[in-house]
Amino acid sequence: MLKRKSTTVMLLVLTCIIITFAGCMQASGTKASGGGWIDSASMVAGEKATFGFTARIASDETIEENVYIAKGEFQLTDSGTGQVFHAKVYGTYVYGEADDTCIFAGSTRNGLTVAVMAFDKDHDGVVQEGDEISIEIQDDEYNTVYSNGGLLQGGNISVR
């Protein structure tokens with residue numbers, strides 16, 4: 001039952017992300033990795049949220065249309081809020097022609113759902129603006145327990 005609930009939460013979060021970014025770009029990265037830092041969600045000057053992740057499609061099996069079973073890991077430490085999250089990646093959204101974006105979801109040991117949208121803006125060696133990340137973490141009742149995102153202040157995201 002927990003797995004079904006986690007899948008439902010992931011699909012809800014991914015749907016919200018997709019609707020939010022509709023028209024911006026569509027995800028199609030099948031492998032992604034990254035690490036670095038963005039400003040803390042606390043908005044306190046000098047505080048950082050550091051992260052690292054790997055995510056890749058594990059098989060051709062889908063959870064739902066364009067949502068593939070994936071594997072990988074996600075780690076986040078926000079020094080401003082004091083929050084630390086570690087999640088196992090279990091699904092990634094793939095669609096369209098864009099090859100510089102990856103959307104994936106995972107879950108923590110204590111049942112939180114993590115949804116990440118990662119943008120590789122220096123894809124193929126052509127720097128556009130700078131890599132970006134968007135992170136949303138929810139509990140099992142769909143309450144947001146952490147939300148953050150923005151341009152990387154240090155680090156790199158690679159989507160292939």
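Colleague: How many bridges join E7 to E8, and do they run parallel or antiparallel?

Modeller: Keep in mind this is a predicted model. E7 and E8 are joined by 7 bridges and run antiparallel.

Colleague: What about the hairpin of E7 and E8, how many residues sit between the strands?

Modeller: That hairpin has 5 residues between its strands, and Tyr 142 takes a positive phi near 70° there.

Colleague: Zooming out, what order do the strands of the sheet come in?

Modeller: There are 9 strands, in the order E8-E7-E6-E5-E4-E3-E2-E1-E9, with antiparallel pairing, and the sheet is open. The edges are strand E8, residues 144-151, and strand E9, residues 154-159; each of these pairs on one side only. On average, neighbouring strands in this sheet are turned by 20° against each other, direction ignored.

Colleague: Which residues does E1 span, and how many bridges join E1 to E2?

Modeller: E1 covers residues 31-39 and E2 covers residues 48-64; 9 bridges join these antiparallel strands. Asp 39 stands opposite Lys 48 in E2, and Gly 34 has Phe 53 as its bridge partner in E2.

Colleague: And how many bridges join E1 to E9?

Modeller: E1 and E9 are joined by 6 bridges, again antiparallel. Gly 35 of that pairing stands opposite Asn 156 in E9.

Colleague: New topic: the inside. Which residues touch the most other members of the largest nonpolar core?

Modeller: Phe 53, Phe 74, Leu 76 and Ile 133 do, in a core of 25 residues. The elements giving two or more residues to this core are E1, E2, E3 (67-78), E4 (83-93), E5 (101-107), E6 (113-119), E7 (132-138) and E9. E2 supplies the largest share, 4 residues.

Colleague: Phe 53 again, then. What does Phe 53 touch, leaving out residues up to four places away in sequence?

Modeller: Phe 53 touches Ala 32, Ser 33, Gly 34, Glu 73, Phe 74, Phe 104, Ala 118, Ile 133 and Ile 157.

Key
Residues numbered from 1 in each chain as written. Predicted model: local features only at pLDDT ≥ 70, side-chain atom pairs only at ≥ 80, totals over all residues. Heavy atoms only, no water. Pairing = 2+ DSSP bridges. Axes fitted to C-alpha atoms, helices over the stretch in contact; angles between N-to-C directions. Core = buried A, V, L, I, M, F, W, Y, C linked by side-chain atoms within 4.5 Å. Buried < 20%, exposed > 50% of the residue type's maximum accessible area, 1.4 Å probe, protein only. Contact = heavy atoms within 4.5 Å.
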